Amino acid sequence: MISIEEYRRKYAFGEDYGTSEYKFGPVAERPDVIENRGFIIDKSSIVYRIAGITKNIIVGPEVSMYLGSREDMARFLVYPMRDGVIGKDDERAWSVIYEITKYGLLKFKPSDPKFKGFYVTAALSAIAPKYMYEKVFEIHKKIDEEYGVVKAVTIIPQPLAVAIAQKTITCIVVESGHGNTQITPISRYPIRGAIISLNRGGAEANDITAEILKDSGYGDLVHEEKLVRMVKEAIGLIPRNLNEAIKKAREDKDRFRAVFKVPNTPTVIDLGDNSWMRFLIGEIVFDPENEIFESYYKRGMPRPRDTRLGDEIIRGTINLADAIIKSAQKTPLELQPHLYKRIILSGGNFAWKVPELLKDVAVDAATKIKALLKERNIDAIVELTRDPMYSVWKGCIVYSIAVPDDYLWSWRRMEGWYKWR
Ligand SMILES: Nc1ncnc2c1ncn2[C@@H]1O[C@H](COP(=O)(O)OP(=O)(O)OP(=O)(O)O)[C@@H](O)[C@H]1O
Ligand SMILES: [Mg+2]
């Protein structure tokens, strides 16, 4: 017989609900990943009946097989989260969340007869309203009633998960995923009134990549979001200093040349004389306000929407360092120096490569933020997590392992295990 605490450690399970991807799984080096989306089966279509397809929603890798025309994709393919949030009454979105959660839990359901369900820690956006917590609890309870796979569940804000994965609870976490960028000062728990959530993330870097591809004669390729994302990740670079990088790249075209071969096709994308533009892709993550981007906004590239912090409106395009400072300023003066000593960056939108040969001009996200803060007279210690895409999930696992079985959920503390059996 193993003790209840040993059982909990064995069956710890983490879930990170991202805007673009759902990361999930038990204790391991890395989580499993599927896209956070579902394909709604149109029951009125006779072909589905003939093919014997009885499901209502398809999730996971199978979705690819169902994709058809662009119109169909717009109608039947549901990405449930927008900037990390789902509307209370958005039934379609919630049923996709139910399906992906079920998919994840059943994928790892062990055959062990002693298995009585996982201890699940789920991570939601730091700005997720209370009803999202209620819905996510409800969904786990329902799945458990149907399949016996959840013994208890708890929910933590994504930035707190990152802090936990880094073994600290006094810090500023900057989490930049596909849909948004959350700046969260933490002192034991996220400081609610200081959280800044910017409506921008990897998606905006995709947008500028698409514009650059159009300008370079590859306009016919930009309708495929997946392809644009691949190009972005392959050629995009963060400049230490944008103007210097552009100057060097124009003088030394061969060294900076951006070439990308599209997998499974004969197509090769070559930016040629436009190769210097690869630095715009990385720069826009940090400073979309730079005037160099104005012409792109003018011709229709979407400008990140503004957000609110208390009574204040924060521009969607605010320089990331200015946003970090604004957020820190909402915390007690005495705490601020401690926060600046530990700024933790996580999320795929900070995972930019730094090619060995371009090290003199291209930098990683931590170096960039540190430099931007320095320009504003702030000496900060900035670190990038080891696996930026997976640190939220890692923190979930650590949390599941750490919270004792008899520590029950409290809506006041927003901590503890939520149970129904
Ligand atoms: N090596 C890379 N270089 C640049 N961008 C990358 C890299 N790897 C991943 N990304 C980008 O990171 C984003 C995905 O990050 P992440 O998985 O953290 O987002 P998410 O959790 O799904 O969304 P969110 O946290 O906004 O809800 C995508 O835009 C992806 O293109
Ligand atoms: Mg995320």
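Biologist: In which sense do strand E7 and E8 pair, parallel or antiparallel?

Modeller: This is a predicted model, where local features need pLDDT of at least 70, side-chain atom pairs count only at pLDDT 80 or more, and totals for chains, interfaces and linings use all residues. Residues are numbered from 1 along each chain as its sequence is written. Strands are DSSP runs of E, at least two residues, numbered from the N terminus, and two strands pair if DSSP finds at least two bridges between them. E7 (residues 118-124) and E8 share seven bridges, and their sense is parallel.

Biologist: In E8, which residue is the bridge partner of Tyr-119?

Modeller: E8 (150-157) is an edge strand, pairing on one side only. The bridge partner of Tyr-119 in E8 is Ala-152.

Biologist: In E5, what is the bridge partner of Ile-40?

Modeller: Strand E4 (residues 38-40) and E5 pair over two bridges in the antiparallel sense. The partner of Ile-40 is Ile-57.

Biologist: How many residues of the shell around ligand 1 are charged?

Modeller: Ligand 1 is surrounded by 21 residues (C-beta atom, placed from the backbone, within 6 Å). Asp, Glu, Lys and Arg count as charged; Ala, Val, Leu, Ile, Met, Phe, Trp, Tyr, Cys and Pro as nonpolar; the others, Gly among them, as polar. The shell has three nonpolar residues and 14 polar ones, and the charged residues number four.

Conventions
Chains lettered and ligands numbered in written order. Helix = DSSP H or I, 4+ residues; strand = E, 2+ residues; numbered from the N terminus.
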